[in-house]
Amino acid sequence: MAMLGYRLTQVLGHLPILLTLLTVLVLAATAGRRLPGRSRSFLLAGAVVLLLLELLTTAWVAALPDLIRSGGIRQYQLWSLAVSAVGWIGYPIGLGLIVAAVFVGRRAAPPAPAPGQPWGTWTPPAGGPPTGHPGGPPPGYAAGQAAEHPGRGAWGGSDHPPAAPPQADPPPAAPPQGDRAD
């Protein structure tokens with residue numbers, strides 16, 4: 001009866017990992033169009049490798065008492081080394097396949113905006129007019145304004161901090177209180 005309790009606790013201890021890996025397999029197998037083909041293949045392969053390793057480890061710890069009782073310490077050491085070596089090789093392979101599934105088939109990130117421009121602004125193509133606008137500067141702007149005012153955007157914006165606000169005019173002086181004609 002004690003052996004059954006030991007085996008049950010070992011299997012229950014490995015159950016969350018086994019269920020997680022089974023869930024990954026089901027989700028990857030049913031991903032369909034949401035995952036590109038190579039990503040899905042890497043994910044499935046990595047999950048299968050890790051699931052097989054977890055099943056091997058679960059069987060190993062469940063069979064451990066019988067193995068020690070039947071073959072002695074020497075046989076236990078050989079089996080322990082073999083199971084450990086499979087894990088040392090298999091776990092990095094399984095995790096590497098899952099990590100590869102994340103990165104394979106990804107498109108390159110869009111280029112960063114030009115310095116001084118916020119995200120999402122239009123960047124002129126190389127070789128265009130100096131203002132960056134195909135038809136020249138927008139109405140109301142001189143052709144060389146960008147060079148005259150560094151940091152000013154084509155539409156009048158600036159990447160420089162705003163100038164200090166204008167000072168308020170002093171209150172008008174009171175009229176002289178001199179002689180009044182009544």
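Helices here are DSSP runs of H or I with at least four residues, numbered from the N terminus. The model is predicted.

- Leu19 is part of helix α1, which covers residues 2–29.
- The relative accessibility of Leu19 is 46%, so this residue counts as partly exposed.
- Patch residues need over 30% relative accessible area, and Leu19 has 46%.

- Asp66 and Arg7 form a salt bridge through their side chains, with an N to O distance of 2.1 Å.
- This pair connects distant parts of the chain, since Asp66 sits in helix α2 (residues 37–103) and Arg7 in helix α1, 59 residues apart.
- Asp66 has a relative accessible area of 32% and is therefore partly exposed.
- Arg7 is also partly exposed, because its relative accessible area is 25%.

- Asp66 and Arg69 are three residues apart in helix α2, so about one helical turn separates them.
- Arg69 counts as exposed because its relative accessible area is 56%.
- Through shared partners, the salt bridges join Arg7, Asp66 and Arg69 into one network.

Methods: Residues numbered from 1 in each chain as written. Predicted model: local features only at pLDDT ≥ 70, side-chain atom pairs only at ≥ 80, totals over all residues. Heavy atoms only, no water. Helix = DSSP H or I, 4+ residues; strand = E, 2+ residues; numbered from the N terminus. Buried < 20%, exposed > 50% of the residue type's maximum accessible area, 1.4 Å probe, protein only. Salt bridge = Lys/Arg side-chain N within 4 Å of Asp/Glu carboxyl O.
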